[in-house]
Amino acid sequence: MKKTILITGGAGFIGSHVVRWFVNHYPQYHILNLDKLTYAGNLENLIDIEHQPNYQFLKGDITDEQFIDQLFATYPIDAVIHLAAESHVDRSIMDPLGFVRTNVLGTAVLLNACRKYWTSALTDKLFYQVSTDEVYGSLGESGYFSEQSKYDPRSPYAASKAGADHLVRAYFHTYHLPIVISNCSNNYGPYQFPEKLIPLVIRNIQQNKPVPVYGKGENVRDWLWVEDHVRAIDLIFHHGRRGETYTIGGNNEWKNIDLVKLICKCMDEKLGKPPGSSEKLITFVKDRAGHDMRYAIDASRIRSELGWQPSITFEEGIRRTIDWYLSHPEWLEHVTSSTYQQYYQQQYVEREHNN
Ligand code: NAD
Ligand code: TYD
């Protein structure tokens with residue numbers, strides 16, 4: 001069936017993989033990629049598909065109500081896959097209001113446009129909210145987050161995503177807007193901005209710079225290969241039950257310090273350095289404020305209802321990720337050439353000196 005799908009945040013890390021997947025797998029869909037191109041958005045991520053006939057890029061801000069209304073008035077949008085967000089916890093600690101603006105207000109503006117412009121045949125429409133497991137807070141040593149877990153966000157990022165999720169559900173109940181939400185664990189893979197742990201560690205080792213590990217490195221994350229998240233989004237988009245939530249995770253828990261050591265070992269091999277060289281760069285730094293201890297996902301609903309499961313092992317995914325970063329130095333150079341230095345200085349250099 002022909003459809004026009006608005007994907008927000010499609011120039012970012014996960015969004016660019018979602019755009020590429022939908023453009024390549026569904027030639028009958030017209031894919032509109034709406035992105036503000038903040039520091040995290042980069043059209044270089046999509047060079048390989050930018051000339052496809054079913055793809056169109058639109059630069060714009062999801063918080064701009066007039067612009068969004070005009071977009072819905074211009075294009076026959078059938079569905080929204082909403083990924084645009086401020087996405088980094090450390091930045092949310094520096095600038096919480098920016099996160100509320102984009103993540104809460106931006107989501108509300110999009111929902112409201114759907115409500116205004118989707119006046120008939122609601123059954124063929126869909127608002128898909130791409131969210132995070134961080135809305136559920138922090139786990140102790142045992143247990144898992146699932147669709148039944150209570151919201152208990154603890155960082156401004158997580159709270160702003162939780163606020164957005166609540167609005168999405170409110171539009172389902174109040175206006176019968178067809179919605180679906182997925183809450184996914186930490187993604188990794190090509191095109192991730194080097195403010196997040198895995199690409200930051202790879203880049204610092206490449207440049208022989210200290211590898212910062214927060215606190216004692218005991219915190220645990222459940223890592224998922226980004227294309228496996230995209231496959232889950234495709235399944236939920238086409239077959240997920242409307243009004244429902246799906247939790248997605250890699251069943252792949254790693255303590256930060258063990259993960260960093262694994263990357264060090266792979267980097268030594270790839271760079272032909274003596275075993276143990278990269279580990280010497282590990283530097284324990286001041287912990288993140290309110291640092292969530294552990295995230296882990298019970299993905300049994302999406303597994304049993306939609307037949308989804310991760311497609312590759314973590315060892316394979318990390319190898320592919322490192323290979324990608326090592327073979328794309330120009331990408332890293334471009335994304336870190338402007339305001340990145342200023343962020344790095346504030347987050348890692350000034351903070352340490354002030355203690
Ligand atoms: P990202 O920071 O790499 O990309 C975000 C994109 O949104 C960028 O292209 C940016 O330019 C765009 N954007 C920001 N503000 C905008 C605005 N006001 N208007 C239009 N576009 C704007 O983020 P990501 O890691 O790819 O995450 C994408 C989504 O997935 C987010 O909603 C995030 O909460 C969610 N998520 C991420 C992870 C993860 O591990 N990265 C895990 C689960 C869920
Ligand atoms: P991150 O990639 O920022 O994802 P999130 O905070 O959303 O889980 O961080 C992953 C984990 O790595 C988290 O526990 C914080 C930690 N971390 C470090 O130890 N050092 C770093 O430089 C960064 C960016 C993160």
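Select His17, Arg20, Trp21, Asn24, His25, Pro190, Tyr191, Trp225, Val226, Glu227 and Val230 in this predicted model: these residues line the second largest pocket. A pocket, on a 1 Å grid over the protein atoms alone, is an open set of points where a 1.4 Å probe fits, with protein on both sides within 12 Å along at least five of seven lines; lining residues have an atom within 4 Å of a point. The space in this pocket is about 160 Å³, a volume being the space filled by probe spheres set on the points.

Next, colour helix 1 (13-25) and helix 7 (226-239), which each supply at least two residues of that lining. Helix 1 gives the largest share, five residues. Helices are DSSP runs of H or I with at least four residues, strands runs of E with at least two, numbered from the N terminus.

Now select ligand 1. Of the 29 residues around ligand 1, Ile14, Asp35, Ser87, Tyr157 and Lys161 come nearest; a residue counts as near with a heavy atom within 4 Å. Strand 5 (126-132) and helix 5 (156-175) are among the elements that each supply at least two residues of this shell, and strand 5 gives the most, three.

Zoom in on Tyr157: a polar side-chain atom of this residue lies 2.7 Å from an oxygen atom of ligand 1. At Ile62, a polar backbone atom is 3.0 Å from a nitrogen atom of the ligand.

Residues are numbered from 1 along each chain, and chains are lettered from A and ligands numbered from 1 as written. Local features need pLDDT of at least 70, and side-chain atom pairs 80 or more, while totals for linings use all residues; side-chain values use heavy atoms, without hydrogens and water.

Terms used: A polar contact is a pair of N or O atoms within 3.5 Å; within protein, one must be able to donate a hydrogen and the other to accept it, and residues adjacent in sequence count only if both atoms are side-chain atoms.
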